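Please prepare a briefing on the structure shown below, grouped by topic and with the criteria behind each term stated.

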Amino acid sequence: MILTSPDITEGATIGNEQALNGFGCSGGNVSPALSWSGAPAGTKGFAVSMFDPDAPTGSGFWHWVVFNIPAATTSFPKGAGNVKKKLMPKGAIQSRTDLGTDGYGGPCPPAGDKPHRYQITVFAVDVDKLPFAKNHNASAAMVGFDLHFHTLAKTTLTGVFGH
């Protein structure tokens, strides 16, 4: 599978438009446009996440979790992570991030930290609905549990951000 974005280039610095507006950052908090292709036969749906493995938590930090994305979907427009805009395809669920809210929460490592990596991953899954992650209250860990057992393929785009 291949994942691309006009807003984030592999290994490059993520723009302030995608950064969080809070926690000491003054970004636009606009989720990037994404496009993916090459899903394997048998794909019945997708999930998308954005994870910071460098967060000083001992367990990383989940910035975006979307699941139950219909199999016919191969892209998100810029800003789709804003749950109020309702830009996600019908049936897709944006669940709770480690910021405590649903939808996209942009990068914002602690001031003084080295730049963090932000991994956006698209998962092709063998089910149209995850079995245990039922709604927007599902934690990233619960979604990850389902994905562990139902992922056919995945692809990741990594950007970096610091301030």
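Which side chain meets that of Lys 78 in a salt bridge at 3.0 Å, N to O? The side chain of Glu 17 does so, a salt bridge being a side-chain nitrogen of Lys or Arg within 4 Å of a carboxyl oxygen of Asp or Glu. This is a predicted model, in which local features need pLDDT of at least 70 and side-chain atom pairs count only at pLDDT 80 or more, while totals for chains, interfaces and linings use all residues. Residues are numbered from 1 along each chain as its sequence is written, and side-chain values use heavy atoms, with hydrogens and water left out.

**Salt bridges**

- A search of the whole structure finds five salt bridges, among them a contact of Lys 78 with Asp 7 at 3.4 Å, N to O.
- Lys 78 lies in the loop between S7 and S8 and Glu 17 in the loop between S1 and S2, so their pairing ties together parts that are 61 residues apart in sequence; helices (H or I, at least four residues) and strands (E, at least two) are DSSP runs, numbered from the N terminus.
- Lys 78 is partly exposed, with a relative accessible area of 37%, and Glu 17 is partly exposed at 39%, whereas Asp 7 is buried at 18%; buried means under 20% relative accessible area, exposed over 50%, and partly exposed in between, with a 1.4 Å probe and protein chains only.
- Arg 96 forms a salt bridge with Asp 102, the closest N and O atoms being 3.2 Å apart; Arg 96 counts as partly exposed at 28% relative accessibility, and Asp 102 is partly exposed with a relative accessible area of 23%.
- Salt bridges that share partners join Asp 7, Glu 17 and Lys 78 into one network.

- Asp 146 is found in helix H1, which covers residues 140-150.
- Although Asp 146 is buried, it has no salt bridge, and the nearest side chain of opposite charge, Lys 134, is 7.4 Å away; Lys and Arg count as positive and Asp and Glu as negative, while His and the chain ends are not counted.
- Leaving aside residues up to four places away in sequence, Asp 146 touches Leu 130, Pro 131, Phe 132 and Ala 133, where contact means heavy atoms within 4.5 Å.

**Sheet**

- Five strands form an open sheet in the order S8-S6-S5-S9-S10, with antiparallel pairing; two strands pair if DSSP finds at least two bridges between them.
- Strand S8 (93-94) and strand S10 (151-161) stand at the edges, each with a single partner strand, so one side of each is left without a neighbour in the sheet.
- Two bridges join strand S6 (residues 61-70) to S8, and Val 66 stands opposite Gln 94 in S8.
- Seven bridges join S5 to S9, where Phe 46 has Ala 124 of S9 as its bridge partner.
- S9 and S10 pair in the antiparallel sense over ten bridges, and Tyr 118 stands opposite Gly 159 in S10.
- Eight of the ten residues of S9 are buried, so this strand is largely enclosed by the rest of the structure.

**Nonpolar cores**

- The largest nonpolar core has 26 residues, of which Leu 34, Trp 36, Val 48, Trp 64, Val 66 and Phe 76 touch the most other members; such a core is a set of buried Ala, Val, Leu, Ile, Met, Phe, Trp, Tyr and Cys residues joined through side-chain atoms within 4.5 Å.
- Strand S4 (34-37), strand S5 (45-52), S6, S9 and S10 each supply at least two residues of this core, and S9 gives the most, with four residues.
- A second, separate core of 13 residues includes Ala 47, Val 65, Ala 140 and Leu 147.
- Not counting residues up to four places away in sequence, the contacts of Trp 36 include Met 1, Ile 2, Leu 3, Phe 46, Val 48, Phe 76 and Val 122.

**Disulfide**

- The structure holds one disulfide, defined as a pair of cysteine sulfur atoms within 2.5 Å, and this link joins Cys 25 to Cys 108 with an S to S distance of 2.1 Å.
- The pair links distant parts of the chain, with Cys 25 in strand S3 (residues 25-26) and Cys 108 in the loop between S8 and strand S9 (116-125), 83 residues apart.
- With 95° about the S-S bond, the link of Cys 25 and Cys 108 is right-handed, and both cysteines are buried.
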